[in-house]
Amino acid sequence: MWRDSSRGWGLASIMIHWISALAIIGLFALGWWMTGLSYYDSWYQLAPWWHKSVGMLLLGLSILRVVWRLVQPTPTALGSRLERLAAHAGHGLLYLVIFTVLISGYLISTAEGQGIVVFDLFVIPALISKLPDQATLAGEIHWYAAWALMILALGHALAAFKHHLYDGNDTLRRMINPRFTRRSS
Amino acid sequence: MFKKTAIAALTAAALLPLSQAQAAEYVIDSDNQHAFIQFKISHLGYSYILGTFDDFTGQFTYDPQNLEAASVKINVDVTSLDTSHAERDKHILSGDFLEAQEYPEASFVSTGFEPTGEGQGKLTGDLTLHGVTQPITMQVEHIGGGEDPWGGYRQGFEGSTTLELADYDIDMSKFPPVMHELELYVVFEGVRQ
């Protein structure tokens, strides 16, 4: 039920996947909107507070996700050899870009040595600060990597629909229903 | 006796212009950060934001016998701005204010000095900030000087002035009038070369 198998994704992986998807799309929309707010907007302080809090929780979840992925069996990829190769490359790139966005975001707020407050509950300390022009450069990386992530995520979704509608295989169903972990193909 | 005195006087007279021409050169002690550039600007009229530019270099010439010849030159790395809050620094350095990617360097080159009292004076010069050069006048004061404990010889000064940000094409029109200007304070020690 919770664990992955070579046949499908367990509930833990499925939940992490969809929570991450929701958080990533929400953070992108929120981030885009809040960077355009004027100084006098009532959301000027609050929107970044939400963005940073959710972002840091997503960073924690993503680290957990990679650990889980490494200690669990990976479901066998479906499709032709070329498709499987492209899928592995695409997923690898997704992980890479997700962490690039998360870490660059962390490096903006911690550039002067201040930690990041997560929902006023706890503080993530600054580990790397005072690099030359850190906040601005990290901000640039954050912006472009976030766009790259949106484009990759769109490609990821389109590929899933292609497998579901055109190839008629279980790729998408496996990411929704944990029962595939037990069913034999 | 007379001859000796005459020679001494002549020698002194001959050396005098030379000593004047050789005003001592000092390099600002940036390495050990005995030098600060700070600014203070109103926040909404309620309090102040204090900030510094951490990275800058400079040199000056100083001759207590010929103060009018004093000169100073300072180059500032604008991206080293620090107001102790990363997002605010990023905002101040962005296109909304200092456009640091376009104008990463600020500088001050003195054009004249006029003593106004014991250890005090008015330093005039060209300040370049945000790609705009404007003549400014700074009230400066000689704090002290002499041998330091490590074999060097130092002189220290401080100075301050008020800048109208609009003069440097920095648009503050969205903010209350009290935020349209800032106070600049500079203090440094130079080590004689």
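Predicted model: local features only at pLDDT ≥ 70, side-chain atom pairs only at ≥ 80, totals over all residues.
The crossing of α1(A) with α4(A) is left-handed, meaning that the near helix is turned anticlockwise from the far one by less than a right angle.

## Residues in the contact

From α1(A), A:Ile24, A:Phe28 and A:Gly31 meet A:Ala146, A:Leu149, A:Met150 and A:Ala153 of α4(A). Contact requires C-beta atoms, placed from the backbone, within 7 Å. The residues of this contact comprise 6 nonpolar, 1 polar and no charged; Ala, Val, Leu, Ile, Met, Phe, Trp, Tyr, Cys and Pro count as nonpolar, Asp, Glu, Lys and Arg as charged, and the others, Gly among them, as polar.

## Chain A overall

Chain A has 5 helices and 2 strands, in the order α-α-α-β-β-α-α from the N terminus. Helices (H or I, at least four residues) and strands (E, at least two) are DSSP runs, numbered from the N terminus.

Along the principal axes, the C-alpha atoms of chain A fill a box of roughly 55 × 30 × 30 Å. Of its 185 residues, 23% count as buried (20 or more other C-beta atoms within 10 Å of the residue's own). Among contacts in chain A between residues at least 6 apart in sequence, 67% join residues at least 24 apart.

## Conventions

Residues are numbered from 1 along each chain as its sequence is written, and chains are lettered from A and ligands numbered from 1 in the order in which they are written. Local features need pLDDT of at least 70, side-chain atom pairs count only at pLDDT 80 or more, and totals for chains, interfaces and linings use all residues.

Note on methods
Contact = placed C-beta atoms within 7 Å. Buried ≥ 20, exposed ≤ 12 C-beta atoms within 10 Å, placed from the backbone.
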